[in-house]
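Please study the sequence and the structure before working through each solution.

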Amino acid sequence: MGKVFDAAEVASHKTRESCWVLLYGKVYDVTDFLSEHPGGAKIILKLAGKDATEEYDPVHPPGTLEENLKPEACLGTVNPDTLPKEEEPSPSAEEKEGPPPMESLLNMEDIEQVATKNISKKAWAYYYSASDDKFSKHFNSEVYRSIILRPRVFVDCTTCDLDTTILGNKLGMPIFVSPAAMARLGHPSGEAGIAEACRSFGAMQVISNNASMTPEQIVQDAAPGQTFGWQLYVQIDRKKSEAMLARINKLKAIKFIVLTLDAPVPGKREDDERGSDVGPSNPVPSAAKAADRAANDTPDVSQASGGVGKQLFAGTDPSLTWKDTLPWLTKHTNLPIVLKGLQTHEDAYIASLHTPQVKGIILSNHGGRALDTAPPAVHTLMEIRKYCPEVFDKIDVWVDGGIRRGTDVVKALCLGAKAVGIGRPALWGLGAGGVDGVKRTLQILADETKTCMRLLGVEKVEDLGLQHINTRLVEQQIYDGPSGLGPLRNIFRAKL
């Protein structure tokens, strides 16, 4: 394995010119990698000369070190006897009691509150954060309160069935887990824990491109017929995306690709930025760097923190287009393609012109994490109904963002959505109680959805429709300009 180092020697290498870190008891020279790190050099320099395992492990799938560092970067091991001894903090009263029983949590707010107490500040900041003033994040949920349900009476509501079919895959519920990154920040079971919970309910899971586990690990215990999708952020270095697609194509459990389009660049997530600092202090700058900054009297903003979210977007290609990207993607996978992040009826209509490559769309504003004051999925659903309802007949329309109650699920389905995604609730469930917390999340939403359907007098998901809701309060908020579809419809007729 090579030389055995004292911790003090490792600690002396904490500049840009010589940067070492400890990972899993091994000493790595990452000096040459600083300029190549997708998240920027600053995050590594904050951990220079220190044990970075606790920060590194929850956010990097196995194999990341081997993929990015040359073998000679591993210099040896550290003598564990020379590492500083950390005193264990005395457990609080809540920690002594442990988490509450999952069955005592009655709604998504209860689960989020317990998770907030359990997880680290960094994890909370990443999960909770949204762009700017978080208007879109909150409005995603609030808009559902403005849709009124229309219950029918004297209808036999003894039975209720949540089974549905999505892209030819039979599911136990129309609720799926949206791509949510960095699950192991909240609990060691990570995305595989979410998959285990989904297996219990026959629920679909879309795996994040930035998952903290490999896709192979996540699907390895999948039940026969369990359905997964893979989220794709196209990289500037297309070879990286092509290599990942080649891996995904080999995994039978992954049934479709979700190309995410609602965040070509990261939004300004201030909670994430505030909570992203790691390590107790900044590294000592090199003498040359310090002298250079003093001479110019200019702040060094090139490595400004952007939080976990911004680091994850490093290397993502912002130049995707209808004309070029879809043909490229269809060359590298035969799986159905679902476009995520559509926020206008025009884009939904354009997507419907790209069948058979495109099989579905997800109406989403990225959980309010990209462009603040962007419309909630409900608005886009209603726009499509107003300007181009034929879209619902040509492709599957799914939604995500703001789902906190079973009544929200039902309202989205009544408006024409085939499936409804949850992102943060799955992460909060994981943080609250691991696999059991995610199961509790899905159980609450499933039970509430069934209760709502029974009180509406509806037995099956496919029977939900506009007759079950009153949207007059929301209609005044819907876009009321020109449709912009004339030229596009001419293109469609030409294709026929």
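**Exercises on a predicted model**

In this predicted model, the side chains of glutamate 475 and arginine 472 form a salt bridge, with an N to O distance of 3.8 Å.

**Exercise 1.** Determine how glutamate 475 and arginine 472 are placed in helix H21 and how accessible each residue is.

*Solution.* Step 1: both residues belong to helix H21 (residues 472–475), and because they are three residues apart, about one helical turn separates them. Step 2: the relative accessibility of glutamate 475 is 39%, so this residue counts as partly exposed. Step 3: arginine 472 has 63% and counts as exposed, since the cut-off for exposed is over 50%.

**Exercise 2.** Which parts of the chain does the salt bridge between aspartate 317 and arginine 238 tie together?

*Solution.* Step 1: the side chains of aspartate 317 and arginine 238 meet at 3.1 Å, N to O. Step 2: aspartate 317 lies in the loop between helix H14 (307–313) and helix H15 (322–332), whereas arginine 238 lies in helix H11 (residues 238–249), so the pair ties together parts 79 residues apart in sequence. Step 3: aspartate 317 counts as buried, at 9% relative accessibility, while arginine 238, at 24%, counts as partly exposed.

**Exercise 3.** Decide whether helix H16 is largely enclosed, and name its buried residues.

*Solution.* Step 1: a residue is buried under 20% relative accessible area. Step 2: the buried residues of H16 are His345, Ala348, Tyr349, Ile350, Ala351 and Ser352. Step 3: six of the eight residues in helix H16 (residues 345–352) are therefore buried, so the rest of the structure largely encloses this helix.

How values were computed: Residues are numbered from 1 along each chain as its sequence is written. This is a predicted model: local features need pLDDT of at least 70, side-chain atom pairs count only at pLDDT 80 or more; totals for chains, interfaces and linings use all residues. Side-chain values use heavy atoms; hydrogens and water are left out. Buried means under 20% relative accessible area, exposed over 50%, partly exposed in between (1.4 Å probe, protein chains only). Helices (H or I, at least four residues) and strands (E, at least two) are DSSP runs, numbered from the N terminus. A salt bridge is a side-chain nitrogen of Lys or Arg within 4 Å of a carboxyl oxygen of Asp or Glu.
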